[in-house]
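Subject: Structure handover

Hello,

Here is the structure for you to look at. Please open it alongside this note.

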Amino acid sequence: TIQQIDVKNRSKVILTWASGMIRLGCQESKTPNQILRVCCDNVLKIQTEQREIVETFRLPVPFQYFHLLSVMIIMNLLMWAIIMGLVQSLFSPVIYFCSSFIFIGMMMLSSELC
């Protein structure tokens with residue numbers, strides 16, 4: 001039974017079982033191989049999403065701090081957009097683009113390093 005399987009491996013076992021059932025169902029109904037491939041790709045997508053959720057919960061940075069940083073960067077970019085919109089300079093959009101590129105890049109880098 002599923003209760004005898006280790007908790008860490010249950011989702012893998014269930015997805016493997018689902019893939020086997022999909023394969024058997026496609027063989028019995030004699031569906032084209034493309035349908036089998038699409039169904040198995042969906043199972044792999046589910047596995048990928050589950051892995052991303054587990055990795056998100058393993059963040060060394062607390063979840064609240066991560067979102068606080070995101071809100072701070074968004075507010076910073078909003079303020080820069082307002083100020084750069086009020087300044088009558090041709091270089092304002094270029095400077096804003098470069099600064100927003102740097103801020104968003106730093107946020108993405110920090111989320112990847114966590």
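Below is what was found in it, topic by topic. Please keep in mind that this is a predicted model.

Helix 3

Helix 3 covers residues 63-86, which is 24 residues. From its first C-alpha to its last it reaches 35 Å. That is close to the 34 Å expected at 1.5 Å a residue. Its buried residues are S70, I73 and L77. L77 also comes up against helix 4: its C-alpha is 8.4 Å from that of Y96, and Y96 is found in helix 4. Along the chain, Y96 and L77 are 19 residues apart. Y96 is partly exposed, with a relative accessible area of 24%.

Aromatic pairs

There are two aromatic pairs in the structure. One is W80 with F103: the ring centres are 6.0 Å apart and the planes stand at 85 degrees, so the pair is edge-to-face. It links distant parts of the chain, with W80 in helix 3 and F103 in helix 4 (residues 92-113), 23 residues apart. W80 is partly exposed, at a relative accessible area of 30%.

The other is F97 with F101. Here the ring centres are 6.2 Å apart and the planes are at 25 degrees, so this pair is stacked. F97 and F101 lie four residues apart in helix 4, so about one helical turn separates them. Both F97 and F101 are exposed.

Cysteines

How many disulfides does the count come to? It comes to zero. A disulfide is a covalent bond between the sulfur atoms of two cysteines. The cut-off for the sulfur pair is 2.5 Å. The sulfur of C26 has its closest cysteine sulfur in C39, 5.0 Å away, which is too far for a bond. C39 is likewise in no disulfide, and its nearest cysteine sulfur is that of C26. C26 is buried, with a relative accessible area of 11%. C39 is partly exposed, with a relative accessible area of 25%.

Largest pocket

The largest pocket holds about 300 Å³ of space. Its lining consists of K8, S11, K12, L15, Q47, Q50, R51, V54, E55 and R58. Which elements give two or more residues to that lining? They are helix 1 (10-29) and helix 2 (33-57). Helix 2 supplies the largest share, five residues. By class, the lining has five charged, three polar and two nonpolar residues.

A backbone point

Most residues other than glycine have a negative phi. K30 is not a glycine, yet its phi is positive, about 55 degrees. K30 is found in the loop between helix 1 and helix 2. Its relative accessibility is 73%, so K30 counts as exposed.

In short

- Aromatics: W80 and F103 form an edge-to-face pair; F97 and F101 form a stacked one.
- Cysteines: zero disulfides, by the count.
- Backbone: a positive phi at K30.

Best wishes

Methods:
Residues numbered from 1 in each chain as written. Predicted model: local features only at pLDDT ≥ 70, side-chain atom pairs only at ≥ 80, totals over all residues. Heavy atoms only, no water. Expected span 1.5 Å × (residues − 1). Buried < 20%, exposed > 50% of the residue type's maximum accessible area, 1.4 Å probe, protein only. Phe/Tyr/Trp six-rings, centres within 6.5 Å; stacked < 30°, edge-to-face > 60°. 1 Å grid on protein atoms, 1.4 Å probe; cavity = no way out; pocket = protein on both sides within 12 Å on 5 of 7 lines; lining within 4 Å. Points joined across faces, edges and corners; volume = space filled by probe spheres on them. Nonpolar A, V, L, I, M, F, W, Y, C, P; charged D, E, K, R; others polar.
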